[in-house]
Amino acid sequence: MRLLVGVILPSSLNSIEANTFNECSLLKEITIPFTVTSIGDCAFKECSPLKQILIPPSVTSIGNFVFSGCCSLEYINISSSITSIGGGAFVNCSSLKEIHLPTSLNIINSYLFYGCKSLKQIEIPPLVTSIDSNAFGKCSSLIHVSIPLSIASIGRSVFNSISLNTTSK
């Protein structure tokens with residue numbers, strides 16, 4: 001399994017289970033069909049050459065640590081149908097430059113973007129009420145975060161080890 005370079009998943013697939021492609025260290029491309037509704041924990045963890053991924057609108061849930069350690073991942077398109085992104089989903093995605101969070105999201109889970117050194121700005125969606133601990137810790141390039149007025153709780157060390165400008169909407 002570690003020798004996989006590219007994968008086109010069949011349209012009969014409903015979910016990508018936990019650890020499915022974990023540590024496939026040569027995986028560069030994946031095509032997720034529009035029939036998939038969930039991506040399990042650590043599904044693409046440590047797939048270091050993976051540069052971009054498009055998550056189809058059929059997906060409503062992304063598990064914990066799904067893309068953790070995907071150090072070449074620069075861009076991810078998350079559809080507006082996503083209601084849940086697990087903790088640590090993007091931990092140490094050090095090349096991640098841009099991400100647009102879905103407006104349907106209501107919580108930023110712990111360690112969500114921890115160690116995303118290339119992330120420069122992020123807009124927290126208007127329905128988010130809580131940002132959990134260390135969500136943006138060690139995002140050393142992060143200089144701008146737009147925080148909506150809906151935020152009721154900000155956890156411990158959320159912006160640990162960064163310098164940023166914040167605005168509220």
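**Reading a stack of rings**

Visitor: Let me start with one residue. Is Phe44 buried or exposed?

Guide: Phe44 is buried, because its relative accessible area is 0%, and the cut-off for buried is under 20%. Keep in mind that this is a predicted model.

Visitor: How do I describe a pair of aromatic rings?

Guide: Now the case here. Seven aromatic pairs turn up in a search of the whole structure. Phe44 and Phe67 make one of them. Their centres are 5.5 Å apart, with 5 degrees between the planes. The pair is stacked, because planes under 30 degrees apart count as stacked.

Visitor: Which parts of the chain does the pair of Phe44 and Phe67 tie together?

Guide: Two loops. Phe44 sits in the loop between strand S4 (38–39) and strand S5 (52–54). Phe67 sits in the loop between strand S6 (61–62) and strand S7 (75–77). The pair therefore links parts 23 residues apart in sequence.

Visitor: Is Phe67 buried or exposed?

Guide: Phe67 is buried, at 0% relative accessibility. Phe67 also pairs with Phe90. Here the centres are 5.7 Å apart and the planes are at 5 degrees, so this pair is stacked too. Phe90 lies in the loop between strand S8 (84–85) and strand S9 (98–100). That pair, too, ties together parts 23 residues apart in sequence. Phe90 is buried as well, with a relative accessible area of 0%.

Visitor: Which residues form the aromatic cluster?

Guide: Phe21, Phe44, Phe67, Phe90, Phe113, Phe136 and Phe159 form one cluster.

Visitor: Which residues of the largest nonpolar core touch the most other members?

Guide: Phe44, Phe67, Phe90, Phe113 and Phe136 do, in a core of 51 residues. Take Phe136. Leaving aside residues up to four places away in sequence, its contacts include Phe113, Phe159, Ile131 and Leu142.

Visitor: Now the strands. How do strands of a sheet pair?

Guide: They pair through backbone hydrogen bonds, either parallel or antiparallel.

Visitor: How many bridges join S4 and S6?

Guide: Two, in the parallel sense. Look for Ile39, which stands opposite Ile62 in S6.

How values were computed:
Residues numbered from 1 in each chain as written. Predicted model: local features only at pLDDT ≥ 70, side-chain atom pairs only at ≥ 80, totals over all residues. Heavy atoms only, no water. Phe/Tyr/Trp six-rings, centres within 6.5 Å; stacked < 30°, edge-to-face > 60°. Helix = DSSP H or I, 4+ residues; strand = E, 2+ residues; numbered from the N terminus. Buried < 20%, exposed > 50% of the residue type's maximum accessible area, 1.4 Å probe, protein only. Pairing = 2+ DSSP bridges. Core = buried A, V, L, I, M, F, W, Y, C linked by side-chain atoms within 4.5 Å. Contact = heavy atoms within 4.5 Å.
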